[in-house]
Amino acid sequence: MKIVRAFGQFWYDFIIGDDWKIAVAVLLALAATLALLLAGLDDHAVAVIGAIVVVACFAVSLAIDVRPTNHDRH
């Protein structure tokens, strides 16, 4: 049972890491990209749009993490 727990902990740390918001943002971006692909868009267009969406979601989640709090303004 220790092996199963260690295996699960490794994957949790690998995927989620220190910030769950980045993992969720990337997952949502990949899901949106899959939806575009299944909708029948051209493969090249999906690749470009998907890359832009992944980077944008990552940037938004990073901006949320680095914004100043009320404690930092004083």
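Where is the place of Pro 68 in relation to α3? Pro 68 sits in the segment after α3, and we'll come back to that residue once the rest of the chain is laid out.

Before the tour, a word on what you're looking at. This is a predicted model, in which local features need pLDDT of at least 70 and side-chain atom pairs count only at pLDDT 80 or more, while totals for chains, interfaces and linings use all residues. Residues are numbered from 1 along each chain as its sequence is written, and side-chain values use heavy atoms, with hydrogens and water left out.

Let's start with the overall picture. The protein chain has three helices and zero strands, so reading along the sequence gives you the pattern α-α-α. Here helices (H or I, at least four residues) and strands (E, at least two) are DSSP runs, numbered from the N terminus.

Now for the overall shape. The C-alpha trace spans about 50 × 45 × 15 Å along its principal axes. The radius of gyration of the protein chain is 17 Å, whereas a compact globule of 74 residues would come in near 11 Å. That radius is taken over C-alpha atoms, and the globule rule is 2.2 Å times the number of residues to the power 0.38.

What about the surface? Buried residues account for 11% of the 74 in the chain. Buried means under 20% relative accessible area, exposed means over 50%, and partly exposed is in between (1.4 Å probe, protein chains only). The chain exposes about 6,200 Å², and carbon and sulfur atoms supply 73% of that. Accessible areas come from the Shrake-Rupley method with a 1.4 Å probe; for residues, only the protein chains shown count as cover.

Next, take a look at helix α1, which covers residues 2-15 and holds Trp 11. Phe 7 is in helix α1 too. Phe 7 counts as exposed because its relative accessibility is 55%, while Trp 11 is partly exposed because its value is 37%. Both belong to a nonpolar surface patch made of Phe 7, Phe 10, Trp 11, Phe 14 and Ile 15, with about 590 Å² of accessible area together. Like charges are joined within 9 Å, and nonpolar side chains (Val, Leu, Ile, Met, Phe, Trp, Tyr) within 5 Å.

Phe 58, in helix α3 (residues 43-66), is 34 residues from Val 24 along the chain, and their C-alpha atoms are separated by 9.4 Å. Phe 58 is partly exposed because its relative accessibility is 36%.

Finally, back to Pro 68. It counts as partly exposed because its relative accessibility is 47%, and its C-alpha atom is 30 Å from that of Ala 32, 36 residues away along the chain. Thr 69 also lies in the segment after α3, and is partly exposed at 37%.

Conventions: Patches are made of residues with over 30% relative accessible area and no salt bridge: like charges are joined within 9 Å, nonpolar side chains (Val, Leu, Ile, Met, Phe, Trp, Tyr) within 5 Å. A salt bridge is a side-chain nitrogen of Lys or Arg within 4 Å of a carboxyl oxygen of Asp or Glu.
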